Amino acid sequence: FFFQAEDGIRDAQESRGLGDVYKRQMYMKSPVFACNSGGPKESVIDGKTGFLLKSSANEWAEKMLFIYNDQVKRKSIGEYAHNHVKHKFSFQTFAEAAQHHSLIASGKIKINKKVD
């Protein structure tokens, strides 16, 4: 069977960190299927924005069939993914973080460092 674009994006290569590809797909309200290593772990929340999977053909097939057959779950994951990427990776979030780091660097904000 073939997935339509909104059914999900799949990337079975463990060594690749396609964070931007995943983020674009999540923005389009589509679940992501990715290996549970490297870059994908930064942007994909397992079970909420998509699935982080082992390098097992059976596990991939199981999750892909699950999301293909469950339109309600596919839609809810897509909506969560869209909201997640809009919030966490938006320009506004980036700008606020950059401003915060700038204030720390200038000494205008002090941070308490814990000593072990």
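Trainee: How many aromatic pairs does the structure hold?

Mentor: Please keep in mind that this is a predicted model. The structure holds two aromatic pairs. One of them is formed by F51 and F66.

Trainee: What describes the geometry of such a pair?

Mentor: In general, a pair of aromatic rings is described by how far apart the centres lie and by the angle of the planes. For F51 and F66, the centres are 6.3 Å apart and the planes stand at 80° to each other, an edge-to-face arrangement.

Trainee: Which parts does the pair of F51 and F66 tie together?

Mentor: F51 belongs to strand 3 and F66 to helix 3 (residues 57–69), so the pair links parts that are 15 residues apart in sequence. The cut-off for buried is under 20%.

Trainee: Where do the side chains of a regular strand point?

Mentor: In a regular strand, the side chains alternate between the two faces of the sheet. Here the case to examine is strand 2 (residues 32–35), which is covered on both faces. V32 and A34 lie on one side, F33 and C35 lie on the other, and all four are buried.

Trainee: Do strands 2 and 3 run parallel or antiparallel, and which residue is the bridge partner of F33?

Mentor: Strand 2 and strand 3 (residues 50–53) run parallel and are joined by four bridges. The partner of F33 in strand 3 is F51.

Trainee: At what angle do helix 3 and helix 4 pack?

Mentor: The angle between helix 3 and helix 4 (residues 71–88) is about 100°, and their axes are 5 Å apart. The two helices are therefore roughly perpendicular. In their contact, F66, I67, Y68 and N69 of helix 3 meet Q71, K73, R74 and I77 of helix 4.

Trainee: Over which ring does the charged end of K23 sit?

Mentor: The charged end of K23 sits over the ring of F89, at 4.2 Å from the ring centre.

Trainee: What is the phi value of K29, and where is K29 placed?

Mentor: Phi of K29 is near 65°, which is positive although the residue is not glycine. K29 is located in the loop between helix 1 (19–27) and strand 2. With a relative accessibility of 37%, K29 counts as partly exposed.

Terms used:
Residues are numbered from 1 along each chain as its sequence is written. This is a predicted model: local features need pLDDT of at least 70, side-chain atom pairs count only at pLDDT 80 or more; totals for chains, interfaces and linings use all residues. Side-chain values use heavy atoms; hydrogens and water are left out. Buried means under 20% relative accessible area, exposed over 50%, partly exposed in between (1.4 Å probe, protein chains only). Two strands pair if DSSP finds at least two bridges between them. Rings of Phe, Tyr and Trp (its six-membered ring) pair if their centres lie within 6.5 Å; planes under 30 degrees apart count as stacked, over 60 as edge-to-face and the rest as tilted. A charge sits over a ring if NZ of Lys or CZ of Arg is within 6 Å of the ring centre and within 35 degrees of the ring normal. Axes are lines fitted to C-alpha atoms, for helices over the stretch in contact, and angles run from 0 to 180 degrees between N-to-C directions. Angles under 35 degrees count as roughly parallel, over 145 as roughly antiparallel, 65 to 115 as roughly perpendicular and the rest as oblique. Contact means heavy atoms within 4.5 Å.
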